[in-house]
Amino acid sequence: MDQSGVTTQTPKSPWGSAAPAAPACSLSEVMSEQLAKQLDEENAVFPALSDPAAELLLADEAPDTASDLMLAQMLQMQFDREFDDQLRREEKKFNGDSKVSISFENYRMVHPYDDSDSSEDEVDWQDTRHDPYRADKPQTTPRKGFTGKGKNITTKHDEVTCGRKNTARMDNFAPEVHVGDGLGMDLKLSNQVFNSLKRHCYSEQRRSARLHEKKEHSTAEQAVDPRTRLLMYKMVNAGVLENINGCISTGKESVVFHADGGSLEEQPVPDEVVLKVFKTTLNEFKNRDRYIKDDYRFKDRFSKLNPRKIIRLWAEKEMHNLGRMKKAEIPCPEVVLLKKHILVMSFIGKDHVPAPKLKDAMLNSEDLKNAYYQVLHMMQQLYQECNLVHADLSEYNMLWHEGKVWLIDVSQSVEPTHPHGLEFLFRDCRNVSTFFQKRGVSEAMSTYDLFNAVTGLNIPVGAKDEAEFMAEIMALEKRNEDHIQKRGKKTFPVTSEDGGPPLEPDADD
């Protein structure tokens, strides 16, 4: 076969026939204006190729981007929209499900968005700074004191104007005062109502401030203030206490906690101890200062102390009184440590269970009779050997443990030379006689006989008139006070003979 007769066939392109290649031209020709015009004419003759992106751009009627200002405005608009979306998400995350929400609208970029471009969640994002439902602020009265002319004059004392002003002023109340939704209505509060609300809000603010201060700086029921809590932590860290278990009793002037004992260098610490924390609230001590200000052992120191330090003096006084009672072998708690207004003593009870008070103890007739004679003997020892008067002796301050009566709470105990010492003793005798007589103890003496048995004064009872008996007691107190003043016995120095650990001055006082 002759190869010369075979013609070479070019494969057909599936994309159609290719356009003829443009003739080559030099750089100088490209830069000439004549060539540029020729190329524009050729482009106008040939139809332009269809471009989907260009068609979409024409369909959307894109704005003219020839101006740099228009491009900058479009970019800024897009940036502000993204910023507002992010701010909206932050606000939604911050508020959560709370009924009280915080708005970030003052931080957003406000632009006149088209309704077609805004999403569904942007509809709720409205500018409430121009809320049509917000109450209009009342018009201010000019300096001349009135507005209008003729019959339409409105002064600053107008009832409607003042009422609207008072309603608007409620917005200035404290946040904790709930004024309701009345600010959005056309309410009119009279001056009398507004002044009453204002005084009430002021008094409530002061009361809440006092309660907050009292809660922060005072020892309340079954709770301690931060300073007391710090002292208790220091005792645990120092090894004096192993741990503090909880509150076992509350009284008028103290709170008692149970704790496990640790160790001390000077003396052994019992396995179970109690912490008597004197309350730092001064309400109870304002009416009980006569127990200490007239006590000759502390009279000189009492006048030099502020009321808060007097509370520490109460703890010190109980420590010395317990030391006297321990020397006389009267059943009472043993003092372990004194730190400011915290007194650590031995625990009267067993296995974290405190001994019952005498009023709660279930005793038979024989035990009651035995308890009565024990109390009588302890009162005599307290008066004659310890030179003390309990001053608050009752079935509430006596415990029944291991078949014996134990005396507690002797912080208010005074010496018989106290100006009211015999009166306190007479009251103790009345409490003891009344309790045992009600329990059916036939051997219980009357109040007058018990007083004479304890003191040995043998005041004639006569017709047993309490007024006459008290008159004799007050006469004895008067003679005793005059005798003490003549001898110049105004203060008794507190020495270590009363027992208890030595006192160290507080570095922070």
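**Entry 1: ground rules**

I take helices (H or I, at least four residues) and strands (E, at least two) as DSSP runs, numbered from the N terminus. The model is predicted, so I note that local features need pLDDT of at least 70 and side-chain atom pairs count only at pLDDT 80 or more, while totals for chains, interfaces and linings use all residues. Residues are numbered from 1 along each chain as its sequence is written, and side-chain values use heavy atoms, with hydrogens and water left out.

**Entry 2: the largest cavity**

I worked with a 1 Å grid over the protein atoms alone: a cavity is a set of points where a 1.4 Å probe fits but cannot get out, a pocket is an open set with protein on both sides within 12 Å along at least five of seven lines, and lining residues have an atom within 4 Å of a point. Grid points are joined across faces, edges and corners, and a volume is the space filled by probe spheres set on the points.

I found 1 cavity of 30 Å³ or more. The largest cavity holds about 60 Å³. Which helices each supply at least two residues of its lining? They are α13 (365-384) and α14 (421-438). The largest share, 3 residues, comes from α13. I listed the lining: Met379, Leu382, Tyr383, Leu388, Val389, His390, Leu393, Leu425 and Asp428. By class I get 7 nonpolar, 1 polar and 1 charged. Here Ala, Val, Leu, Ile, Met, Phe, Trp, Tyr, Cys and Pro count as nonpolar, Asp, Glu, Lys and Arg as charged, and the others, Gly among them, as polar.

**Entry 3: the sheet**

Next I traced the strands. Two strands pair if DSSP finds at least two bridges between them. An open sheet of 5 strands runs in the order β3-β4-β5-β7-β6, with antiparallel pairing. Its edge strands are β3 and β6 (335-339), each pairing on one side only. Neighbouring strands are turned by 25° against each other on average, direction ignored. For angles, axes are lines fitted to C-alpha atoms, for helices over the stretch in contact, and values run from 0 to 180 degrees between N-to-C directions.

I then checked two of the pairings. β3 (residues 241-250) and β4 (residues 254-261) are antiparallel over 7 bridges. A hairpin of 3 residues joins β3 to β4. I noted one partner pair here: Gly246 bridges to His258 in β4. β4 also runs antiparallel to β5 (residues 272-278), joined by 7 bridges. There, Asp260 has Glu272 of β5 as its bridge partner.

**Entry 4: the second largest pocket**

I went back to the open space. The second largest pocket has a volume of about 640 Å³. It is lined by 27 residues, and the closest to its centre are Ser249, Val256, Lys357, Tyr396 and Ile408. Which elements each supply at least two lining residues? I count β3, β4, β5, α12 and β7 (342-346). The largest share, 3 residues, is from β3. By class, this lining has 14 nonpolar, 6 polar and 7 charged residues.

**Entry 5: salt bridges**

I moved on to charged pairs. A salt bridge is a side-chain nitrogen of Lys or Arg within 4 Å of a carboxyl oxygen of Asp or Glu. The structure holds 6 of them.

Arg324 and Glu415 meet in one, at 3.0 Å from N to O. Arg324 is in helix α12 (residues 307-327) and Glu415 in the loop between β11 (404-407) and α14, 91 residues apart. Are these two residues buried or exposed? Both are buried, that is, under 20% relative accessible area, with exposed being over 50% and partly exposed in between (1.4 Å probe, protein chains only).

Lys369 pairs with Glu443, the closest N and O atoms being 3.6 Å apart. Lys369 lies in helix α13 and Glu443 in the loop between α14 and α15 (447-455), so the pair ties together parts 74 residues apart in sequence. Lys369 is partly exposed at 31%, and Glu443 is partly exposed at 30%.

Lys359 forms a salt bridge with Asp360, at 2.8 Å between the closest N and O atoms. Lys359 has 27% relative accessibility, so I class it as partly exposed. Asp360, at 44%, is partly exposed. I also noted a network of salt bridges that links Lys276, Glu318 and Asp409.

**Entry 6: Glu159**

Glu159 sits in α6 (residues 159-169). Why do I class Glu159 as exposed? Because its relative accessibility is 70%. Glu159 and Lys188 are 29 residues apart in sequence, and their C-alpha atoms are 8.3 Å apart in space.
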